[in-house]
Amino acid sequence: MISSVPTAMVPIAPAPAAAMSEAVFALTLALLLLAPLAIAGIALINTGLGRSRSAAQALLGNLALGAIAVIVFALAGASFAGTLGTSEAAFHVAGKTWGVVGLGPFLMHGLGSAAPQAQLALLFEFMAVAMAAMIPWGSGADRWRLSAGCASAAVLAGIVFPLAAHWIWGGGWLAQLGANFGLGAGFLDAGGAATVHALGGLTALALVWIAGPRRGKFPREGLSTAMPGHNAVYVLFGCLLALVGWLAWNAAGAVIWLHAPLAALPGTAINTLLSAAAALVATFAVTQFRFGKPDASLCANGWLAGLVTSTACAALATPAEAIFAGAVAGFFTPLLVEVLELAISIDDPSGAIAVHGASGLWGLVAAGFFAPQAGQLLAQLVGIAALLGLILPLVYLLFALLNRVVAFRVDPDGERIGMDLHELGGGAYPEFVIHRDESYR
Amino acid sequence: MKYAGLLVMPAGFLLTLAALLLFPDPARRIAFVICGLAVEAMGLVVAVRGHMPARGASRP
């Protein structure tokens with residue numbers, strides 16, 4: 001029987017929840033089977049925000065990176081995430097246990113006999129690792145080689161994502177902040193704001209730093225060259241598709257990681273929708289005020305920023321709080337996109353650094369404000385410190401080493417003719433006439 | 001300079017860990033965690049400035 005819950009706020013279980021009923025298992029599994037629509041939305045947005053001469057490579061790259069990521073995660077990453085096992089490598093400092101990395105069975109041995117909840121958690125992690133690997137792909141559009149993208153997805157899925165997943169979801173040191181230091185319920189990340197979006201956004205930053213901007217993006221004089229996305233329809237339809245996936249994603253995450261009762265799921269879905277809607281309205285207003293007309297691609301970024309923010313706090317916030325969190329994300333996202341490009345010369349075609357990185361971090365802070373437990377905000381801040389202070393330098397180091405083995409950047413000729421012709425031998429739109437690009441004169 | 005920034009960021013993280021271990025008092029703890037985040041932010045700013053391409057560097 002479904003009990004009534006007055007708000008969307010989820011009562012967070014202090015200890016592992018009781019065994020999952022078959023009905024809850026079936027519902028969560030069904031939600032997880034809808035979650036790939038969020039991934040499809042991200043793929044369409046990444047593709048639409050790139051140039052037409054790289055469109056096929058962009059969409060194929062989304063598929064390939066996701067495929068590599070899930071295979072590497074199945075082979076090794078899931079073991080380090082520790083979802084199926086109970087053992088972990090840990091430090092013992094000041095009488096506390098600091099779980100660092102899981103030591104579960106390789107190749108997901110024992111999956112069939114694992115508890116239903118563990119199986120769902122693993123499925124959730126597969127979705128999460130695919131999305132985390134795809135987020136930086138849009139930032140490297142028009143210059144990041146497919147083979148280098150696949151190699152980076154392997155590094156992300158085999159090393160970085162499992163570390164973060166174990167710390168946050170697998171009972172690692174961030175999850176134990178509540179038990180060890182009395183900080184709320186430990187670091188909370190029901191939908192992957194940290195493990196997927198902040199990680200993906202920070203990875204995008206490391207990638208953009210290493211690969212550099214597209215040729216001609218920042219000329220010697222004047223403002224940066226505008227290189228608008230080639231298909232606003234892909235981008236905006238991707239936003240709608242992502243909404244469906246996100247509604248399912250956040251609801252499934254609330255059940256799996258926060259042990260939310262079924263009665264809390266409609267509220268979680270409503271908060272997800274409200275956050276995205278508030279973010280879109282805020283971005284619409286900001287771009288209308290700044291440019292005199294609303295900007296389609298920035299509005300798409302705003303919508304997505306609202307969804308990303310909701311991954312952290314939809315299950316913990318009231319509807320008013322969800323609107324506030326989304327509006328803040330939507331207000332700052334277009335400004336941050338502008339600052340990144342114009343002030344600090346970061347060429348991020350998909351806006352992943354602002355949309356996934358910054359909004360993911362903001363969502364985690366907002367979750368700390370909205371959660372009822374004392375000390376929750378501090379737990380969230382410690383988690384953010386780990387993402388910025390450990391994960392970002394680690395990703396940068398790994399990518400810098402990888403760049404020496406598999407060059408990230410395509411050669412100038414490849415960039416000139418487009419990634420489709422250079423890497424795939426054919427374009428996404430073969431009936432298009434390829435014209436000379438003025439920026440190469 | 002870009003590597004210096006990336007090295008400062010883990011230092012900020014260690015400050016937040018030290019805050020957890022050394023200060024049971026919530027007020028001091030949150031103050032030191034915020035200091036750790038501020039150090040990370042400074043490292044990020046240095047790394048960003050170190051990675052800024054020279055104007056015209058992206059022109060062929």
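Predicted model: local features only at pLDDT ≥ 70, side-chain atom pairs only at ≥ 80, totals over all residues.
1. Start with the overall picture. Chain A contains 15 helices and two strands. Its C-alpha trace spans about 65 × 45 × 40 Å along the principal axes.

2. How does the radius of gyration of chain A sit with that of a compact globule? For 441 residues, such a globule would come out near 22 Å, and chain A has 21 Å, so the two agree.

3. Next, have a look at helix H9 of chain A, which runs over residues 265-291.

4. Now for a helix pair: H4 (residues 116-139) and H5 (residues 146-168), both of chain A, pack with their axes 10 Å apart and at an angle of about 130°. That angle is why H4(A) counts as oblique to H5(A). The crossing of these two helices is right-handed.

5. Which residues meet where H4(A) and H5(A) touch? From H4(A) come A:Glu125, A:Val129, A:Ala132, A:Ala133 and A:Trp137. On the H5(A) side they meet A:Gly149, A:Ala153, A:Leu156, A:Ala157, A:Phe161 and A:Ala165. By type, the contact is made up of nine nonpolar residues, one polar and one charged.

6. One thing to keep in mind when reading those residue numbers: an α-helix has 3.6 residues a turn, so residues three or four places apart point the same way.

Conventions:
Residues numbered from 1 in each chain as written. Chains lettered and ligands numbered in written order. Helix = DSSP H or I, 4+ residues; strand = E, 2+ residues; numbered from the N terminus. Expected span 1.5 Å × (residues − 1). Axes fitted to C-alpha atoms, helices over the stretch in contact; angles between N-to-C directions. Parallel < 35°, antiparallel > 145°, perpendicular 65-115°, else oblique. Left-handed = near helix turned anticlockwise from the far one by under 90°. Contact = placed C-beta atoms within 7 Å. Nonpolar A, V, L, I, M, F, W, Y, C, P; charged D, E, K, R; others polar. Rg over C-alpha atoms; globule rule 2.2 N^0.38 Å.
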